[in-house]
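Hello,

Here is the structure for your files. My notes follow below it.

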Amino acid sequence: MSTRKPESPLEAALAGVPAQFRKRLIAAYESLKRDHAEGRYEAAGLATGKFCEIALRLLQHVLTGSSTPFGIKIPNFADECRKLVTSPAGSAVESLRTLVPRALVFMYTMRSKRGIGHVGGDVEANQIDSATLTRLADWTVCEFVRVYHGLSLEEAQDLVDTLATRSMPDIWEVGGKKRVLRDGLSASQQVLVLLYSDSTSYVLAEDLCDWVEYSQPSMFKRNVLRPLHNKRLIEFDDESSVVYLSPTGVREVEQSILKTTAI
């Protein structure tokens, strides 16, 4: 008997968005986040374009009742967004009419004019541009979550921060366990990658010990978790035995581990 795949937190948060837009939007968003995290800025630029075009179609549907069909090229992206900004207020949420279209225009213009993979100049701007686009995509998704899930902006941000948007092919889930498929990572690096990929806000220390197949839980806490905690890469609560990835740990994964190792 087949079982239905569990719904992701992002799918649940955007349940009010019609499926034809929701699934495409989430796929493009996760692709953008993944490509940026792994330093594939050209691919991140392509994902940005797809994300913007899907989001625009969703806004057209919400604000006008119809949208440019998928498979048909949007004639002029900025003009289509401008039509939404100047459309009658009606009953639509104001931010979907005035703020999100302007954010999409900025993203689409940067992606098109800068090309993300531009050459020349004194400063390599690929990473900065990609990071800017990623944060704007985060904000856009937060706004959709806020509107369709009935949350405050702060609550939407907290939810998005814990979503499984860091989809990583290097993590294999099997039999209730997780395994890191990248070769050559230390136990400490595996812990950081596992925490980075998890969709919840924390992981139990005993689970991490099991997932990296460390021999002794007590030695795992002493040799792996405590040093990571002291470096402020994680927050390890010995009493509750839970482990959180810190913002410093996120940077370590994105700027060091993902870019310097490969399967």
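**Helix packing, strands and a loop residue**

In α9, A187, S188, V191 and L192 meet F220, V224, L225 and L228 of α11; contact means heavy atoms within 4.5 Å. This contact divides into 7 nonpolar residues, 1 polar and no charged. Nonpolar covers Ala, Val, Leu, Ile, Met, Phe, Trp, Tyr, Cys and Pro; charged covers Asp, Glu, Lys and Arg; the others, Gly among them, are polar.

The model is predicted: local features need pLDDT of at least 70, side-chain atom pairs count only at pLDDT 80 or more, and totals for chains, interfaces and linings use all residues. Residues are numbered from 1 along each chain as its sequence is written, and side-chain values use heavy atoms, with hydrogens and water left out.

Helices α9 (residues 187-197) and α11 (residues 217-230) pack at about 60°, axes 10 Å apart. Axes are lines fitted to C-alpha atoms over the stretch in contact, and angles run from 0 to 180 degrees between N-to-C directions. Helices are DSSP runs of H or I, at least four residues, and strands are runs of E, at least two, numbered from the N terminus.

Now the strands. β4 (residues 234-237) runs antiparallel to β5, joined by 4 bridges; pairing takes at least two DSSP bridges. D237 stands opposite V242 in β5. Their hairpin has 4 residues between the strands, and S241 takes a positive phi near 60°. β3 (residues 203-204) also pairs with β5 (residues 242-245), antiparallel, over 2 bridges. There V203 has V243 as its bridge partner.

Last, T68. This residue lies in the loop between α3 (41-64) and α4 (77-85). T68 touches R57, Q60, K73 and I74, leaving out residues up to four places away in sequence.

Best wishes
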